[in-house]
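Subject: Structure handover

Hello,

Here is the structure I promised to pass on. Please open it first, then read my notes below.

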Amino acid sequence: MATRLFEGVEHASLYDKYRPTYPQQLIDSITQFMKDNCKLNDGFESAVDIGCGTGQLTRDLASSFKNVIGVDVSEAQLQCARDSTMNKHNIVYKFGDEQNIPVDTSSVDLVTCAQAVHWLDFDKFCEEVDRILKPSGCLAVIGYSLPKMYYQGKLHSGLNRLFNELFSGPLKPYIAKQTDLLDNRYHDLKLPYNINRRDDSLVIRKDTTVTGIVNCASSYSHYQRYKKDNPDKKDPLEELKLKMTLEVGKQLDSTDEIEVTTEESIFLLLAAKNSEN
Ligand SMILES: C[S@@+](CC[C@H](N)C(=O)[O-])C[C@H]1O[C@@H](n2cnc3c(N)ncnc32)[C@H](O)[C@@H]1O
């Protein structure tokens, strides 16, 4: 069964501001797979991004594909995506879900689903993907891990421990079962079609601050659910920020931002549809 957790306007805005964007190598890895395995007559015509959110991957696709459609069940996410995509004229955003993707049969070269497939009914999603893909089209499913934190160039065990304690502590009861698939890097997903490949070599690397990490965590669905149920309890992210500040030895009243680098590891699953229907 599909699950909906990203419907709120405020949540969409946090998502848009703070969630990671993808490196160019991700698009390169997808298009290389398509060149090697998909005999598409018209090249890179059209891509559809399911669960597009505020358009993180959709916008990147627009540089390689003539027409791109972002599809999501959240009107709030779609509105943010439209607002952030003013200058890209080859993207449209449409309301839809994995069971009703609003595009014609056999019309699409590439279907992507980034950091969203665990929320979908996977079997129904694959049926719809098969309907809309052209023969020899490509399906790309993308996810990424929780961040690892580096301080002054080194992996920092204390910062990472504190961050992980958030999920084994206050947020634990609010973690949806569906995210197990993500935690296991989508190893439990079997993509359709005979030609399949995985790429685990890519990372999202970002120079940020402790505040940036906490802001990004505020867009996680578990935190949003926690806040909804516990409006009067201490905010676990405010506590996390204080603990992280102490961990690297700064004074609590310091106004300096603590600079860190984060790395999320990407997992990319690719499949090429058979050339004959
Ligand atoms: C974690 S966000 C991922 C957003 C973006 N693709 C990215 O890479 O950051 C998951 C998105 O999936 C959408 N979603 C959840 N269930 C869906 C469904 N059944 N059909 C389409 N989109 C769905 C949510 O509204 C949300 O925008």
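Helix 1 (residues 9-18) and helix 4 (residues 75-84) have axes that come within 8 Å and cross at roughly 40 degrees. Roughly parallel would need an angle under 35 degrees. Helix 1 and helix 4 are therefore oblique to each other. Their crossing is right-handed. From helix 1, the contact takes in Val9, Ala12, Ser13, Tyr15 and Asp16. Helix 4 brings Ala76, Gln77, Cys80 and Ser84 to meet them. Sorted by class, this contact of helix 1 with helix 4 has 5 nonpolar, 3 polar and 1 charged residues.

Keep in mind that this is a predicted model.

Now the whole chain. The protein chain holds 10 helices and 10 strands. The C-alpha trace spans about 65 × 40 × 35 Å along its principal axes. What radius of gyration would a compact globule with 277 residues have? The value would be near 19 Å, and the protein chain has 19 Å, so the two agree.

Next, helix 10 (residues 236-247), starting with helix 6 (residues 157-168). The axes of helix 6 and helix 10 come within 10 Å and cross at roughly 165 degrees. Because of that angle, helix 6 is roughly antiparallel to helix 10. The crossing of helix 6 and helix 10 is right-handed. On the helix 6 side, Gly158, Leu159, Leu162 and Leu166 are in contact. They meet Pro236, Leu240, Lys243, Met244 and Glu247 in helix 10. By class, that contact has 6 nonpolar, 1 polar and 2 charged residues.

Helix 8 (residues 210-217) also packs with helix 10. Here the axes come within 10 Å and cross at roughly 155 degrees. So helix 8 is roughly antiparallel to helix 10. Helix 8 passes helix 10 in a right-handed crossing. Which residues of helix 8 meet helix 10? They are Val210, Thr211, Val214 and Ala217. Their partners in helix 10 are Leu237, Leu240, Lys241, Met244 and Thr245. This contact of helix 8 with helix 10 divides into 6 nonpolar, 2 polar and 1 charged residues. Look at Leu240 and Met244 in helix 10: they meet helix 6, and they also meet helix 8.

Last, the ligand. How many residues surround the ligand? There are 21. The closest are Gly51, Gly53, Ser74, Asp97 and Ala114. The shell around the ligand has 10 nonpolar, 6 polar and 5 charged residues.

Best wishes

Conventions
Residues numbered from 1 in each chain as written. Predicted model: local features only at pLDDT ≥ 70, side-chain atom pairs only at ≥ 80, totals over all residues. Near = placed C-beta within 6 Å. Nonpolar A, V, L, I, M, F, W, Y, C, P; charged D, E, K, R; others polar. Axes fitted to C-alpha atoms, helices over the stretch in contact; angles between N-to-C directions. Helix = DSSP H or I, 4+ residues; strand = E, 2+ residues; numbered from the N terminus. Parallel < 35°, antiparallel > 145°, perpendicular 65-115°, else oblique. Left-handed = near helix turned anticlockwise from the far one by under 90°. Contact = placed C-beta atoms within 7 Å. Rg over C-alpha atoms; globule rule 2.2 N^0.38 Å.
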